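Have the structure open as you read.

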Amino acid sequence: MARRVLELPDTVPLSPIIDLWDQQEPDGPDATGIYDFYRNLADGELTGQKCLSCGKLIFPPQIICPSCNSTELEWVKIPEEGELYAFTELKLGAPIIVENYAPFVIAVARFGNYPENGFQISGMMFDESYEELKIGDRITWDILEIKGPGDKKRYWYYFRKL
Amino acid sequence: MRNVAIVGAGITKFGVREAGWKDLVQEAGKAVFDDVPNLDKKEIDSLIVGAAQPERWINQTHVAPLVAELLGIEVKRVISRTEVACASGQAAIRYAWLAVAMGLSDVAMVVGVEKMNTRFMNFSQSSMINVGNREFDGANGFTAPPFFALVAQRHMHDFGTTREQLAMVRVKNAEYGSYNPYAQFQKKVTVEKVIESRMVAPPLTLFDCSAITDGACALILASEEKAKQLTDTPVWIVGGVQHVDYAHTTNQMGDLSHWVGLRKAAKDLYEMLNIKPDDIDIAEVHDCFTISEILEYEELGFCKKGEGGKFIEEGQSYIGGKVAVNPGGGLLSNGHPLGATGVRQAWEIVMQFRGEVPKERYVGGAELGIAHNLSGMAQLHHIMAYSLKKRSDVKFGR
């Protein structure tokens, strides 16, 4: 009798465990309650939230205010101009899915009057090298289109120097 | 609460091991059973396994009963796996301690283990983004090295800490690691060699970073009554605290050059034990990166805020200085198998108290040691205190 063979496919679809943007589903069992954040990105705006009950600014977006438990949250645009608080450049050990873009700068920027009335957000920078940046540089955010695999299109953001 | 002692400790060689996860568990298990020859395995009633990401690196979940099977233990009281990323190991000690202290368990086993080196190293690296907020920081490539690079940059900017001072942490820990036969790296290094090593994320080079490591470490914890039957050299667990300052994502972290969570955790521990930082003889601290140890000197109160760089430069954290920090070589020399690290820190303190380490790294006369384990992007801080004396017998607050 011939040996039974179990043949496996040559490739498997992009695994959600290496996809960095795997949590952006509007509906279905993977739906996220903050999908409007991604809709706002698609419309060109990076947004945080403000709690209408206690006034606290919230980032990353959530469905319930962690300070007062209110569900009345409104979207607020992150100010377009911010300050570079800290930065480095990832030269070794980039996540698989963005390996082709390494080395890239990873930065933390402050927008508005942080922490009282502002946001501190991490972001990638592709247009400047580590040597071209300094703490305190004025920076802005812009929309990043995540294309693929196949015809999938999603949105994220990145920072660039003003 | 009952007094709880560590009565046995066993460790595997740490490093890039040609050994599987289950092999490592059995090696550490055998090492600890050999360390407590009076112990009948049947006396072990509880098992806590510290493991950070076995579902990613060996595709196995539900690992606690697997460990029970591999070590031949019938668990009747408490069994679980603990996961708090890089501090999964200390968490395992904490829950075993609580079980024995409460009287639920009389003899509990702790195993910390991680198998991180595989043929798919970029997959291992990619898994590290999951310890921060994957959706909002992970997606920006925030693995551990870039995060701690930002901490280093801010600490240098805010307090004038120098590149050389960062490197000096590695020089110290490499020296002690050179006398630790279980460490992944056993070669001494110079400041120049650290600075000239391959750039990972500026200002941090390869030698500023702890490694991706395979290893396991195991302990036996026992009630006072059982401890008397099992060993003449019990090491008592005298306290433990944890602190997370609401923070998991960048927006909640505030100033990166201040670890407020650690400052609060240390204050809590010192109040709990009525001690001052000066009372600590040995500090095993979480030097996942050189900059981490500098912040830890400050937030643990060994020196003033902002003076951590000066503290290492003056040699205050060497044996014979103000406090012996990482006399076993720390994470920088031992490597950092996530689930094993916190257990390895306790192992080091046990071996120090028993005087079973090479004389070049022996802290003579020590009676109080702390182990600080941090997890993720330094969002969560964990400290435990170990002593040669029972808490009631030690005159702290001298």
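In this predicted model, the buried residues of helix 7 of chain B pack against helix 6, helix 8 (191-196), helix 11, helix 12 (308-313) and helix 13 (330-334) of chain B. Helix 7 is mostly covered, with 12 of its 15 residues buried. Among them are B:Leu166, B:Met168, B:Val169 and B:Val171, and the list also includes B:Arg170, B:Lys172 and B:Asn173.

Of the 16 residues in helix 6 of chain B, 12 are buried, so the rest of the structure largely encloses it. The buried ones run from B:Ala144, B:Pro145 and B:Pro146 through B:Phe147, B:Phe148, B:Ala149, B:Leu150, B:Val151 and B:Ala152 to B:Gln153, B:Arg154 and B:His155.

| Helix of chain B | Residues in the helix | First to last C-alpha | Expected at 1.5 Å a residue |
|---|---|---|---|
| Helix 6 | 16 residues | 22 Å | 22 Å |
| Helix 7 | 15 residues | 21 Å | 21 Å |

What covers the buried residues of helix 6 of chain B? The cover includes parts of both chains: strand 4 (81-90) and strand 5 (104-113) of chain A, along with helix 7 (163-177), strand 5 (199-201), strand 6 (204-205) and helix 11 (290-299) of chain B.

That brings us to where the chains meet. The contact draws 33 residues from chain B and 31 residues from chain A. On the chain B side, the elements giving two or more residues are helix 5 (121-127), helix 6 and strand 5. Helix 6 of chain B gives the most to that side, with seven residues. Sorted by class, the side of chain B that touches chain A has 15 nonpolar, 14 polar and four charged residues.

Now for the chain A sheet. Five strands make up an open, antiparallel sheet in the order 6-5-4-7-8. Strand 6 (117-125) and strand 8 (153-161) of chain A are the edges, and each has a single partner strand, so one side of each has no neighbour in the sheet. From one strand to the next, the twist averages 30 degrees. Strand 7 (residues 138-147) and strand 8 of chain A run antiparallel and are joined by nine bridges. Across that pair, A:Lys147 stands opposite A:Lys153 in strand 8 of chain A.

Two helices pack on this sheet. Helix 1 (residues 35-42) of chain A touches strand 7 and strand 8 of chain A, with its direction at about 65 degrees to that of strand 8. Helix 6 of chain B also packs on the sheet, touching strand 4 and strand 5 of chain A, and its direction makes about 120 degrees with that of strand 4 of chain A.

Chain A is assigned two domains, domain 1 (24-77) and domain 2 (79-162). Their C-alpha centres lie 20 Å apart. Nine residues from domain 1 of chain A and nine residues from domain 2 of chain A take part in the contact. On the domain 1 side, helix 1 of chain A gives the most, with three residues. By class, that side of domain 1 of chain A has six nonpolar, three polar and no charged residues.

Chain B also gets a two-domain assignment: domain 1 (4-120 + 212-234) and domain 2 (137-205 + 236-388). The centres of these chain B domains, taken over C-alpha atoms, are separated by 23 Å. Here 37 residues of domain 1 of chain B are in contact with 31 residues of domain 2 of chain B. Strand 1 (4-11), helix 4 (88-102), strand 4 (107-114) and strand 7 (215-223) of chain B are the elements giving two or more residues to the domain 1 side.

One last stop: is B:Tyr246 buried or exposed? B:Tyr246 has 12 C-beta neighbours inside 10 Å, so it counts as exposed. You'll find B:Tyr246 in the loop between strand 8 (235-244) and helix 10 (260-273) of chain B.

How values were computed:
Residues are numbered from 1 along each chain as its sequence is written. Chains are lettered from A and ligands numbered from 1 in the order in which they are written. This is a predicted model: local features need pLDDT of at least 70, side-chain atom pairs count only at pLDDT 80 or more; totals for chains, interfaces and linings use all residues. Helices (H or I, at least four residues) and strands (E, at least two) are DSSP runs, numbered from the N terminus. The expected span of a helix is 1.5 Å times one less than its number of residues. A residue is buried if 20 or more other C-beta atoms lie within 10 Å of its own, exposed if 12 or fewer, and partly exposed in between; C-beta atoms are placed from the backbone. Two residues are in contact if their C-beta atoms, placed from the backbone, lie within 7 Å. Domain bounds come from an automatic or database domain assignment. Ala, Val, Leu, Ile, Met, Phe, Trp, Tyr, Cys and Pro count as nonpolar, Asp, Glu, Lys and Arg as charged, and the others, Gly among them, as polar. Two strands pair if DSSP finds at least two bridges between them. Axes are lines fitted to C-alpha atoms, for helices over the stretch in contact, and angles run from 0 to 180 degrees between N-to-C directions.
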